Structure formats: C-alpha cells, structure tokens
Amino acid sequence: MTREMNSISVSFRVNGTLRNVLNDTTGPSINHPAFAFSKSGTALSNGIGDNQANRAWQSQNRAILSGNTETLDLYDLAGVDIGAGSGLDGLGQAVVFEEIVFVAIVNENDAGDLGALEIAPAAVQGWAPIGTHSVAVGGALYGQGVLIKLQLDERGFDVEDGVSHRVALTANGGNVTYSIYILGRHDDDESSSSSSFSSSSSSSSGSSSSSSSSSSSSVSSSSSSSVSSSSSSSGTSSSSSSSSSSSWSSPSSSSSSVSSSSSSDTSSSSVTSSSSSSSDESSSSWSSVL
C-alpha cells in the first residue's frame, strides 16, 4: 500500500529587540536577531527529491529513567509502537526511512529540572548525522531544550540499515520525558512525478496504477525570553534551550501542532523568568512550524 505527504510546511523565526537604557530612559535599539526561514505550499511537496518528503513519524512524552538509555532505530523504528504496532507509522504502515529531512527532539522537562537528555550515535551502527550532545561536552538538552536538524536537499541525512541508523538517548542526572518528530523519505512506490506519490507500470499486455492515503504533519514550537544586564552573550547550535523563559507546545496548543490523518498526542510545558538592570535590555522570541 502506498502513501503520500501533503500540506508540508517548515518555518523558523527568531526575533528580538536589543536596546540601550541610559539614565532610566529609553536609548537606541536594533532588531537583533531577526531570523526568518519558511518553506510551505508549492515549495514543499510529496516525493524524494529536493524540497520533498514522503514519510513521517512521531512519538511524544517518552520516558527515560535516570541513568538509562533508549536506542531508536531510525531506519524502521523496530520495537517502537506508537499505537498501530511495532515499527508502524500513525496510519499502521511500515515506516522505513532511507533519508531524514527533518528531526526534532525535545526535552519535555521543565527548565531547571535535573534530568539532561543526552543524544548521540549509538555505540553499534550509530547514526552519525545526529552528532554527540552530552553533558560532558556541554551539549545535552536540559528541560525545554530542543535539537532540530533540517536538510531539504535531495541528499537529506542518509540512513543506512545495518551501517548508520541507531540513535542513543540517555537520561543524565534525573528522569527525562522527551518527544521526537521525524520527516523523511523512502523511494519505494515512488514514480517519476515529483508532486504525487504513485506507482505505475506498463507493458504490451496492460498497465496498472495505484495510489492511496494521505497524511500531513506539522510541528511547531514557540519560546520567548527576555534578559537585562550590563552585558550579555548568547550562543546557539543544533540544540537549543532557554535559561530565561521558553515553551514548547504540542499539537493542541495554539502556537504549535503535530498532526496526521489518524492520530495525535499532546503535551506542553513552560517556564518563565526575567531580570533587568540599568545597562542594556534584550528580548527575543522563537517559533518553528513544520
């Protein structure tokens, strides 16, 4: 049975206003950062080429006890049941990713919780593109931390069964609840058409064609932070978390959603804090939608 992806959209936005405050009066300001990235509509379609995808999978609020590790096989999600059976997607069909287009992993703990989520290629047949994000190297995700990787190019992030396909997720220092969202590709049942998902064959005796169901998925997150101090610095990498305030909402929230034609899970957590002084002031906001 074939399947297709419809209504694919990806957007990221980070906005902030940096302002100097002198003698308790407002000074000059500048919009930094001002980052916006968006792909939607006809820019993204069903298929296996550039700006295309034909597979999706997600699992929310997965629990890992402190000191334990869960290993996910990104090729076929063997042993993982999200409701339709082991290794099956939300429509009950075999997942099987050959390329990852988008992956997001969220530590659903509250900011300030002890549990850090470490993410790395597994010791055996590890998926190298995920990279190593551990407490030891300062890259682990604490509460409300998010790791996002996106590759819209036709090459995607390659997944090779038996070689490079397994990711290890470890709870360090406390229990961790996490969610994972994946958009990818598999070339089975794919025709020469880049905008529809079908298979066809022809010979001198006859022809056949088939097409089937559709699913759509979107992921969004939003967070905002404000900080005031005499000096400030910030850095970002593939993973992100906010020490001031952040929120990641699941499908039921107005600011984010993850949906398929058959199932959805919901979760949300948020924490906020702020500080100010007489020197300079900054504010920023983050949102992403898939």
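Trainee: Okay, strand 4, residues 34-39: how many of its six residues are buried?
Mentor: Zero, so strand 4 lies largely in the open. Keep in mind that this is a predicted model.

Trainee: Which way do strand 2 and strand 4 run, parallel or antiparallel?
Mentor: Antiparallel, and six bridges join strand 4 to strand 2, which covers residues 10-22.

Trainee: Can you give me one pair to click on? What's the bridge partner of N15 in strand 4?
Mentor: Look for A34.

Trainee: Switching topic: how many residues are in the largest nonpolar core?
Mentor: That core has 28 residues. The ones with the most contacts inside it are I105, L117, I119, L169 and Y178.

Trainee: Which strands supply at least two residues each?
Mentor: Strand 7 (55-64), strand 9 (99-107), strand 10 (116-121), strand 13 (166-172) and strand 14 (176-185). Strand 14 gives the most to this core, with four residues.

Trainee: Let's zoom in on I119. What is it in contact with, leaving aside neighbours within four places in sequence?
Mentor: Its contacts include I105, I130, L141, L147, V167 and L169. G131, T132, H133 and A168 are in contact with I119 too.

Trainee: What about another core, apart from that one: how many residues does it have?
Mentor: That other core has 16 residues, and among them are I8, A56, F102 and V106.

Trainee: Is V96 buried or exposed?
Mentor: Buried: the cut-off is under 20% relative accessible area, and V96 has 18% relative accessibility, so V96 counts as buried.

Trainee: And Q144, what's its phi?
Mentor: Phi of Q144 is near 70 degrees, again positive in a residue other than glycine. Q144 is in the loop between strand 10 and strand 11, the latter being 146-150.

Trainee: Buried or exposed, that Q144?
Mentor: Buried, because its relative accessible area is 4%.

Notes. Residues are numbered from 1 along each chain as its sequence is written. This is a predicted model: local features need pLDDT of at least 70, side-chain atom pairs count only at pLDDT 80 or more; totals for chains, interfaces and linings use all residues. Side-chain values use heavy atoms; hydrogens and water are left out. Buried means under 20% relative accessible area, exposed over 50%, partly exposed in between (1.4 Å probe, protein chains only). Two strands pair if DSSP finds at least two bridges between them. A nonpolar core is a set of buried Ala, Val, Leu, Ile, Met, Phe, Trp, Tyr and Cys residues joined through side-chain atoms within 4.5 Å. Contact means heavy atoms within 4.5 Å.
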